[in-house]
Each structure stands twice: as C-alpha cells, then as structure tokens.
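Hi,

Here is the structure I said I would pass on. Have a look at it first, and my notes follow below.

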Amino acid sequence: MALSQRYRVLAPVALMGAAALVLAGCAEGGAEGDGGGDAKTTVRISGGITGGEADALNESFAQFTEDTGIKVEYTGDKAFEGNIVTKVTGGDAPDIAIVPQPGLLKTLVETGKVLPAPEAVETAVDENWSADWKQYGTFDDTFYAAPMLANLKGYVWYSPKQFAEWGVEVPKTWDEMIALTDKIVETTGGPAWCAGFASDAASGWPGTDWVEDLVLRQSGPEVYDQWVAGEVKFTDPEIKEAFDAVGSILLNPEYVNAGYGDVKSINSTAFGDVAAAVASGDCALTHQASFLSANFLDVQTAEGETPEVAPDGDVYAFLTPGYTEGELQVEGGGEFVAAFSDDESTQQVLEFMASPEFADARVELGGVISANKNADPSLASSEFLQEAMTTLQDETTVFRFDASDLMPSTVGSGSFWKGMVDWIDGKDTETVLSDIQAGYEN
C-alpha cells in the first residue's frame, strides 16, 4: 500500500498552492498552542539519538513527506534524558519526543503534558506489537506512547572461526555454557571471558544486564515483573541466586578478564572496547546487547581486517541460554513515541511511526531492528540483525524490558549501577544487595 493511500494529504495542494502550505505552517513553534486540530507543515521531534543514526531517522520520513506534504524535523540531543522534563514543564516541549526508557516516559506523563495516543495509533499498536510492548507505553490504563525501535540484550559474542578450531559448539543451556567456558580455559590456558563496565557516569550498567538476564532465566517473567515493581527485593533469595550465577563467571579469576587483566579490570574497561578483544582473538566470549554489532565496524581482526559478523565469520553471537533447552525468555530495550501536540499533522506522523512502513524504512537504512510484527526482517542490514528482529517478532518469545530502566532512577540508574561496580571491586554480595535495595529509600 502506498503511503499516500494510508495517510491523508495535508492539504489539496493543487487548489491551494505552495503559498497556502506555507501559511498552514505558521504555527511551527513550540508544542503548546499547536492544538485544536489545525494542520501545520513541519512536525518537530526530539530525542537522544544522535550522529549517523539521527541522519537515518530523518531520512526515514522522506516518502512520508513526499506523500503528505508534512516535513518532519528530528533533532538529537545527547543530554535529552537529563533536560526533556525541564523543557516540557517550562513550555518548550517538541511536538513529539522519542523516549528511551519507560521510567522517563512515566515521569513525562506525570507532568500532565503528554497526550494520550490517538485511537488510530492505538489500533496500529494492537495490530503491530505484542501486548508486552504496549504495556510499557500504558499508565493507569491509558495508552500514551507507541514503541519505535528495539534492541535485544543478553547476547554472548564469540568467534565462529575459533569455535571451529577448538571443536566446540554454541551451548544450548546455562550448564553447557559453563562447560564450554571450562573447555576454552583448558584449551587456551587463559581466561575465556572479557567484560567492561566503564561508561562514565553510567558505569556499572553492563553488569545490571547480566543480572537481569539471570533473574528472567532462573525465576521467570512473573518474578522478574515483581522485582521491577519492588515486590521482590534485591535482598530476596531469587535475586541473590542471579548474582551468584553471574558471579560464577565475572568474579572467577580463571574466567576473566581476557585481554585486559584481572577481575577488577572489568571496572576500568570501557563497555564497547570488548569488541576489539573478541575481534582480535584475545577474548573468546563477552556478554553484550545486539548494538555491539556496530562496534565491530571500528575494530580489526588479528590479520588487520574489519571482522565479518556472520555465523561462519570472525564474530557472531548467541543469546545467553536458559536452564532448560528451548526456552526463549529475553530482555531488551527500545524507544517510545510520546506526543505533546494534537494537531492533525502530528497525529499523522504518530500514526506513520506506529506502522510497518516506518519500521521498514528505518530498518532498511541499517544498524537497527524493530519489534513491529508486520515489519520485514529481511530488510535488516546483517544476518545477525535479521535473526535478532525475527526473535523479537516471534509470538513465542517472552520479552521483558530492561529492568533497571523500569525501576526508580535512584535504583535503576543509581544504586544498582553503583552496586555492580562495588561488587566487581570486591564488596561481598550480601552487602551489595542491601546497598542496592537502600536506593528505594532515597
């Protein structure tokens, strides 16, 4: 279906002429006062996506603009998460914000400035996304924000060529992965895993992904949801069990930190640097999200070449296995599209962004995936991303959003991050868990 068939043209251009379209765009300022259903020719979007990804996002609207006459201007801001609430409450909201965390979305909703999603957007989300995704844009039974793009966490990156050389295979259960680790250590005489927690003010977050994976795989989605809601505490047995499982790798000096040093070197290693160690062959295994695939474009193999990301190439990844073969419970992240204007043009942009046409347009430009069930995964820019997108679209996949992104900021991006750093530095598990839980009291 052509976009012009699916979305209304802004104005009868043939009758009104370009001048009328310019007049229709006079209200292109802030979101406040843009309501009332009046159309405008430019819709402003802001978010934390920057650089080449921001350019690709703007390009994703090219056909939509051609078909509707509505220009979309996306502006990326690295400080978006820190200043969007202030802008919204100060009367400087964009027409649309791309929000990377449900917790931040909730904060914006609580300002009273985010508008409930139009009926057409909610219908599109019901058609194109699972109920798991819709719930993250819903607060107090009101649906506000459609999902946009997505990423999968919990991948273990490795070298297929090394696996073939060592005569080992991708593990199907957690226990098989530990046995694989022991085999690699025996074969190479050194640690099998590398990890990096360093990320400036956000240091420690890669460790939270490890723990979240294990809570989901060991205790299941119900306990995971209770943990996110604060009903299961960090000091409860289920969470300690997850820490113990992660610690069997990350706190084991025989297993880490390949290519970098001892256990404590995890805290001084930048989270993205592990890609170089895997590509060079210095590190056999590392745990990181699907977005690590982009980091391999900037590193080299031992032969000085850009690594090929493929099942039989230099690097590839498998999802961290669960305790029972065949179970597929994954965590990930993504963005949500929230509106502060109710004019017709903004509503058309919202509807487009909830469609498979938008997902296809952005995915085809490379480097990203979508959980939109009706988008085409074959358009993804690599076999790895195609597989990741298919996993997200699979109705049998149990998906949960990154837990730390759903927790209060004093915990999710506060005591939890800090606790992971302290844990790697040697603080005992019980004290770390108590310290993290104390974040709820701040």
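Cys-194 and Cys-283 are joined in a disulfide, with 2.2 Å between their sulfur atoms. Keep in mind that this is a predicted model. The structure has 1 disulfide, and both Cys-194 and Cys-283 are buried. The torsion about the S-S bond is -90°, so the link of Cys-194 and Cys-283 is left-handed.

What does the pair tie together? Cys-194 sits in the loop between helix H10 (174-188) and helix H11 (205-228), while Cys-283 sits in the loop between helix H13 (274-280) and strand E8 (286-288), so the link connects parts that are 89 residues apart in sequence.

Helix H18 (residues 409-424) and helix H19 (residues 429-437) have axes that come within 9 Å and cross at roughly 165°. An angle over 145 degrees counts as roughly antiparallel, which means that H18 is roughly antiparallel to H19. As for handedness, the crossing of H18 and H19 is right-handed.

If you want to display the contact, select these residues:

- from H18: Val-411, Ser-415, Phe-416, Gly-419, Asp-422 and Trp-423
- from H19: Thr-429, Val-432, Asp-435 and Ile-436

Sorted by class, the contact of H18 with H19 is made up of 5 nonpolar, 3 polar and 2 charged residues. Asp-422 of H18 and Asp-435 of H19 are among the residues in contact, and Asp counts as charged.

Cheers

Definitions and conventions
Residues numbered from 1 in each chain as written. Predicted model: local features only at pLDDT ≥ 70, side-chain atom pairs only at ≥ 80, totals over all residues. Heavy atoms only, no water. Disulfide = S-S within 2.5 Å. Helix = DSSP H or I, 4+ residues; strand = E, 2+ residues; numbered from the N terminus. Buried < 20%, exposed > 50% of the residue type's maximum accessible area, 1.4 Å probe, protein only. Axes fitted to C-alpha atoms, helices over the stretch in contact; angles between N-to-C directions. Parallel < 35°, antiparallel > 145°, perpendicular 65-115°, else oblique. Left-handed = near helix turned anticlockwise from the far one by under 90°. Contact = heavy atoms within 4.5 Å.
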